Amino acid sequence: MADEPTPSEQKAATTSLGDLLGEVTQDLSELMRQEIALAKAELKESATRAGTGAGMLGGAGYAALMAVFFLSVALWWALGRLIGLGWSAVIVAVIWAVVAAILFFVGRKQIKEVRGAPRTVESLRKIPDALKRNEENR
């Protein structure tokens, strides 16, 4: 049984090298087309889900904004009963100014700490060296 050639060996023995290379090229081409089609389908599905999620987050952000607005108005009116509406409006505005300043400084600090993609930059710098011929092959 070990002496009988496999179907692949029989085909290789009866087919020319050019035909075999043609089949390999055709198979690789088909494989690439299928992989690209799969990637397109996966990316389309991911993009659809990401778009839906982003829309939901946008709606949640708007709802949170409205909640904060109405809570601010309620605080303004509650303080207005104690110290007058004018001063209570100033107090609520100062509270929001402090919140905005804190968020600004924390955000600016985090942006300054962004390093980008240092590993990617480093690997991209190595590509031109990899494409150059080495000294022993010149």
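1. A word on terms before we begin: helices here are DSSP runs of H or I with at least four residues, numbered from the N terminus. By that numbering, S88 sits in helix α3, which covers residues 85-112. Please keep in mind that this is a predicted model.

2. Now the overall picture. The chain holds four helices and zero strands, and reading along the sequence gives the pattern α-α-α-α. Buried residues account for 4% of the 138 residues in the chain. The accessible surface of the chain is about 12,300 Å², and 67% of that area belongs to carbon and sulfur atoms.

3. Is S88 buried or exposed? S88 counts as buried, because its relative accessibility is 0% and the cut-off for buried is under 20%.

4. What surrounds S88? Leaving aside residues up to four places away in sequence, S88 touches W76, L79, G80 and I83. On to the charged pairs: how many salt bridges does the model contain? The count comes to two salt bridges. One of them joins R33 to E30, with the closest N and O atoms 3.1 Å apart. E30 is partly exposed, at a relative accessible area of 35%.

5. The side chains of R49 and E45 also meet in a salt bridge, at 3.5 Å from N to O. This pair lies in helix α2 too, four residues apart, which means that about one helical turn separates R49 from E45.

6. How accessible are R49 and E45? R49 counts as exposed because its relative accessibility is 61%, and the cut-off for exposed is over 50%. E45 has a relative accessible area of 46% and is therefore partly exposed.

Notes:
Residues numbered from 1 in each chain as written. Predicted model: local features only at pLDDT ≥ 70, side-chain atom pairs only at ≥ 80, totals over all residues. Heavy atoms only, no water. Salt bridge = Lys/Arg side-chain N within 4 Å of Asp/Glu carboxyl O. Buried < 20%, exposed > 50% of the residue type's maximum accessible area, 1.4 Å probe, protein only. Helix = DSSP H or I, 4+ residues; strand = E, 2+ residues; numbered from the N terminus. Contact = heavy atoms within 4.5 Å. Areas by Shrake-Rupley, 256 points an atom, 1.4 Å probe, with all protein chains shown as cover.
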